[in-house]
Amino acid sequence: MSAVSEVSSNASAIAIRRSTVAAELARVLAPESVLVEREALMPYECDGLSAYRATPLVAVIPADEQEVAAVLAVARATHTPVVARGSGTGLSGGALPHAEGILLSLAKFKRIVAVDPLARLARVQPGVTNLRISQQVAPLGLYYAPDPSSQIACSIGGNVAENSGGVHCLKYGLTVHNILKVRAITIEGDVVDIGSDALDSAGYDLLAIVTGSEGLLAITLEVTVRLLPKPETACVVMASFADVESAGEAVANVIGAGIVPAGLEMMDKLATSAVEGFVHAGYDLEAEAILLAESDGTHEEVAHEIEKMIEVMRASGATQIRCSSNDAERLRFWSGRKAAFPAVGRISPDYYCIDGSIPRGALAKVLKRTEELSERYGLRCANVFHAGDGNLHPLILYDANIPGELETTERFASDILELCIEVGGTITGEHGVGIEKINQMCTQFRPAELAQFHAIKAAFDPEGLLNPGKGVPTLHRCAEYGAMRVKGGALPHPDLPRF
Amino acid sequence: MSEPFIAALCERIRDHAARKAPLAVRGGGTKDFYGQGCVGEVLDMKPYAGIVAYEPKELVVTVRAGTRLVELESALAAERQMLAFEPPHFGEGATIGGAVAAGLSGPRRAYVGSLRDFVLGTRVVNGKGEDLAFGGRVIKNVAGYDVSRLMAGALGTLGVITEISFKVLPRPAHETTLFFELDEARATEQVNRWAGQPLPLSATAWEAGKLRARLSGAASAVAAAKVRMGGEEIDAGSYWGDLREQRLGFFAPSHALWRLSVPQTAEPMAAGHAQLVEWGGGVRWISGDADAASLRAEAARAGGHATLFRGGDKSVGVFHPLEPAVMKIHRRLKDAFDPAGILNPGRMYAF
């Protein structure tokens, strides 16, 4: 059979399947909630990782829990994969549709169900955006701490799926530290409360395993989040350094001095110069690196902490130190950090964002090696990252229109991630594995560990219908990937059968 | 010395799995009282001890499971750091592996987070005798399912924890305790109101009309909070340590001790029983013989659960019964980690 007819017979098989599954779904959902036309499906082709695209078989937009349950019943009966989607801002392709699957949008789950000011809890539907929670409870003097950069648009259901972080994680933790309960539905149709309104629950800590499970274990129907009192005040110190190494050293010294800053971010010269022309934050453009260190809390705490941080920065060789004198200035200092990605987008046709996490002690080494790789691959790389918790976001600048440049970028990115593993870090600090980092999972984990992950998946989803192909690679895939990347003459999985 | 121990451990577990012969995983044995009881040959983790890596500037420590808690805590204290979740020891021999398996946190829990919140990575041997590593030594890590945190509180039923990495925190520069006289309902409301304000609260405890609130932080911040909160500043002496270790008179060992974990703002419950309330209202300790079914019903109505923590008649079930759909996931998870069912069988639930 020729390649062309194979493709068309595959296409016609998909068309048949599409009409069968759509017909089943039409029996349980309103017609406008079932999307089958190509134009209607286009908005769902990718999430925030737009390099990967697929058209789902069908997209559905259920309006309530009963409708979600009905969709899952159809999926079970027809043995069709299901990919859940929140706002589609994910950066690892976690919500990339399955070409033979149902794309389940939770866009209609937009209600803040209840807020309990005294208990400092909010019960929200998964489609509610991260920022809306904080806005809603602001008059009560409360807020929701995790603040991923996409917080204007990203949904709390997606935050649970990815265990999202933000710039305040060192002090306030990730999503897993800031939620109490997830009401979820399994592919088998069981609606379960995972966690509770109390500080702990009987049995295994299922909340820990469901948070960050990338839609592979269950679908979130409702989330109970913990709210924190808004700090009385906040202040940010901006310090310049003559080289990246001393900035890295300053980060370690701040923490070594017993300070846990609310945020501690670093930007290198390429990043600050890209950003300054964009937002005019007042960054020191002579500096090779700048640090932004925020303190929040009571007036007394902040005054004390800022004084200590300035002292440490100075002793660590800062060439210039500035301190925000009011909230407007503080937000201006931050504006550049928050706008770093779009700003880099202005100086390069395309950029690729990486999300490795490393022990802080390895910062200088990793930055130096990244610089060497940048020279070797002939691609510029801007560094913007959560220095306080060792979460790197190198941005590789490339041009997708130049043949081969995307592939070079991917090799560069892959080398950086493997470097993160080498120094004791991880391939993803907060963006998730999704489809993007699935090959690097083979480097970070051994076959028995991957097999354990698959067994966990099967405990929740025995037939493997929820978001298949994401998050955890098959051992087969790892064998193929390993064969492609023989390093130093040794295969990473010598004990695996090769295909 | 580490690898021969692990290799032997894997071998022994494989052997037990093949024979379906249970193993009772044990550290210092200080928490033998907790749970449904131990069966099988004792698997002693005490020999696998020592701090593997501690870099104070990273706020991360990696430690072998058999390390005694007192040793770990004094190593951290030497660097003015701490395990912020204040794990109860319940005896000098307590090990860090046992603390993680039990998953218990102390007075600071309501304000800084629980033991599981501070776990960054674990190395475990599952019931198939496979040596596995999850998580790591970094603060942020979302590669793979969070098996490390799943291990916390699983009572060794999913795997034998051999090494753990924790996030540690600086010790507060200053601590003080405020004292108030309030009835239970008013005390519960008060501690929740405080928690909604930016105050350096680090523990609360109420018993018999007496409320204690601990403040921790920079001296200036603690002093300012004192003015805002009022009350009487007292020398708490060993109170918070005694609360954590259940050495207060309230915890007299002759009685059954129930632990009700409920929403912090839940109404006073279990009327007529002696109570101690901590965690900002989130934990209600009940001392004395109480009717299991009605305690459980009351805790569940409030949105929580009840554990027969110590003593009493364990035939009523130590841990709160699970919903059938949740129990189904539990059984399958147990099977995913320990298909032969040899690791601490029955210590938590029937499996």
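Predicted model: local features only at pLDDT ≥ 70, side-chain atom pairs only at ≥ 80, totals over all residues.
The contact between the two chains takes 76 residues from chain A and 66 residues from chain B. On the side of chain B that touches chain A, at least two residues each are supplied by several helices and strands, among them α4 (109-112), α5 (115-118), β7 (131-135), α6 (147-151), α7 (184-195), α8 (219-229) and α11 (324-337) of chain B. The largest share of this side, seven residues, comes from α11(B). By class, the residues of chain B that touch chain A comprise 31 nonpolar, 21 polar and 14 charged.

The largest nonpolar core contains 203 residues. Within this core, the residues that touch the most other members are Ile102(A), Ala250(A), Val251(A), Leu291(A), Ile396(A) and Val100(B). Helix α8 (residues 244-256) of chain A gives the most to the core, with seven residues. When neighbours within four places in sequence are left aside, Leu291(A) is in contact with Ala239(A), Ala247(A), Ala250(A), Val251(A), Leu264(A), Met266(A) and Ala387(A). In soluble globular proteins, nonpolar side chains tend to be buried together.

Chain B is divided into domain 1 (2-170 + 332-337) and domain 2 (174-315). The C-alpha centres of these two domains of chain B lie 27 Å apart. Their contact takes 13 residues from domain 1 of chain B and 14 residues from domain 2 of chain B. The side of domain 1 of chain B that touches domain 2 of chain B has six nonpolar, four polar and three charged residues.

Terms used:
Residues numbered from 1 in each chain as written. Chains lettered and ligands numbered in written order. Contact = placed C-beta atoms within 7 Å. Helix = DSSP H or I, 4+ residues; strand = E, 2+ residues; numbered from the N terminus. Nonpolar A, V, L, I, M, F, W, Y, C, P; charged D, E, K, R; others polar. Core = buried A, V, L, I, M, F, W, Y, C linked by C-beta atoms within 7 Å. Buried ≥ 20, exposed ≤ 12 C-beta atoms within 10 Å, placed from the backbone. Domains from an automatic or database assignment.
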